[in-house]
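Please read these notes alongside the sequence and the model.

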Amino acid sequence: MNIHEFQAKQVLGRFGVPVPKGQPAATPEEAAAAFRALGQPKAVIKAQIHAGGRGKAGGVKLIGSADEAREFAARLLGKPLVTHQTGPEGRVVRRVYLEEASQVARELYLGLVIDRKAAAVAVIASTEGGMEIEEVAARTPEKIITDPVNPLLGMAPFQARRIAFALGLKDKQVGQFAALLGALYRAFVETDASLIEINPLVVTAAGRVICLDAKISFDDNGLFRHPDIRELRDPNEEDPAETEAAKYDLSYVHLDGNIGCMVNGAGLAMATMDIVKYYGAEPANFLDVGGGADAQKIAAAFRILLSDARVKAVLINVFGGIMQCDVLARGVVDAAREVKLSVPLVVRMEGTNVKEGKQILAASGIKVITANDMADAARRVVESIGK
Ligand code: GDP
Ligand code: MN
């Protein structure tokens with residue numbers, strides 16, 4: 001789960017990570033009031049969307065009056081902001097964030113990620129702040145420091161100082177950075193984060209080290225331990241199909257192709273995506289309905305698949321182990337009637353109650369292309385879209 005910058009700064013602030021003082025606003029009037037409440041001659045006003053690249057896209061501005069805050073908010077609120085991370089449709093700005101402006105002397109990059117190879121949380125740091133880290137990695141990889149943290153020791157002060165020196169920090173900034181990184185690491189571990197990215201981390205003209213931007217992603221599997229963080233979820237920023245799938249406890253991921261796939265078991269789902277690609281088409285999604293899905297859950301999954309306008313054909317590939325093929329067939333038939341199925345449907349099923357399942361499909365009057373095995377199913381579904 002991702003959260004907005006202003007929320008990330010609130011979370012980090014609670015752990016003692018230095019962030020500028022700020023206030024979110026949902027209307028132009030609130031933005032003007034927030035400027036006055038900050039009580040500073042200058043402020044930065046920033047569009048809040050779950051995407052980076054806002055600066056270059058005109059979503060971040062230095063302002064010097066409540067009127068400017070109101071104007072900026074009026075111009076951006078309710079409209080999509082297109083950045084290189086949002087795709088061409090952009091993301092609708094529903095809030096702006098006002099914070100005290102900082103005078104920037106240096107921009108650095110600081111991130112914490114889960115490094116699976118090292119089986120640890122790793123610090124990613126670079127002197128090239130304010131730029132995309134992917135770009136830095138492609139052009140000047142030597143400017144990126146990667147340093148895994150020993151999970152038993154945690155973020156040791158010597159390690160934090162070593163990174164500070166590598167970033168060219170001096171004197172008081174070294175201690176400030178070490179304290180900041182220690183707090184950031186604690187925040188990462190204690191919130192079950194999967195990524196924290198501070199880009200840029202800045203040294204101000206007055207020599208303070210603070211986070212000007214903040215992004216946090218949380219591990220969904222850890223969210224049950226953090227009801228306060230779960231509250232920060234913004235459904236507007238999420239794929240509606242994924243939100244709907246989560247309601248039914250379906251594991252669904254939106255992809256770019258046009259073959260809707262409904263499968264039980266993550267391994268079979270991956271294999272199905274592979275074989276669809278092998279026969280020359282692209283899956284529109286990953287969808288694992290799980291082992292013990294009932295007819296209702298199957299119907300929900302089927303509706304979610306078909307609500308995607310790009311889906312030109314559906315492939316159901318199910319192995320009936322715990323799941324029974326007749327239950328699956330009933331769910332599919334119910335959903336197909338409800339949504340008036342208008343794209344080709346290829347079904348391959350095997351296992352428990354497969355005969356009953358096939359009978360239910362055959363008797364339903366719904367146009368189903370039945371397949372003998374997985375390869376046959378993939379070939380037929382790809383053919384059905386004229387490839
Ligand atoms: P992003 O473009 O979505 O990553 O948004 P950021 O929060 O990183 O802001 C973009 C850029 O605006 C930063 O890289 C900074 O250069 C600049 N910026 C943001 N806040 C301030 C500020 O308080 N003072 C100054 N001088 N620049 C700022
Ligand atoms: Mn940024």
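1. The protein chain has 13 helices and 18 strands. Both are DSSP runs numbered from the N terminus: helices are H or I with at least four residues, strands are E with at least two. This is a predicted model, where local features need pLDDT of at least 70, side-chain atom pairs count only at pLDDT 80 or more, and totals for chains, interfaces and linings use all residues. Residues are numbered from 1 along each chain as its sequence is written, chains are lettered from A and ligands numbered from 1 in the order written, and side-chain values use heavy atoms, with hydrogens and water left out.

2. The C-alpha trace spans about 75 × 50 × 40 Å along its principal axes. Of the 387 residues, 48% count as buried (under 20% relative accessible area; exposed is over 50%, partly exposed in between; 1.4 Å probe, protein chains only).

3. The domain assignment gives domain 1 (1–20 + 103–238), domain 2 (22–101) and domain 3 (240–386). Such bounds come from an automatic or database assignment. The centres of domain 2 and domain 3, taken over C-alpha atoms, are 43 Å apart.

4. Where does ligand 1 lie? Domain 1 and domain 2 both give residues to its shell, so ligand 1 lies between them. The surrounding residues number 15, and Lys46, Arg54, Gly55, Ser102 and Glu107 are the closest (a residue is near if one of its heavy atoms lies within 4 Å). β2 (43–47), β7 (104–115) and β10 each supply at least two shell residues.

5. Check the polar contacts of ligand 1 (pairs of N or O atoms within 3.5 Å). A polar backbone atom of Ser102 is 2.7 Å from a ligand nitrogen. A backbone N or O atom of Gly53 lies 3.2 Å from a ligand oxygen. A polar side-chain atom of Asp213 lies 3.1 Å from an oxygen of ligand 1. The protein covers 77% of the 560 Å² of accessible area that ligand 1 has on its own (Shrake-Rupley method, 1.4 Å probe).

6. Asn199 lies in strand β10 (193–204) and Asp213 in the loop between β11 (209–211) and β12 (215–218), so the pair ties together parts 14 residues apart in sequence. Asn199 counts as buried, at 15% relative accessibility.

7. Last, helix α8 (240–247). At its start, a side-chain oxygen of Asp239 comes within 3.0 Å of the backbone nitrogen of Ala241. Just after α8, Asp249 takes a positive phi of about 65°.

Key: Polar contact = N/O pair within 3.5 Å; in protein donor to acceptor, adjacent residues only side chain to side chain.
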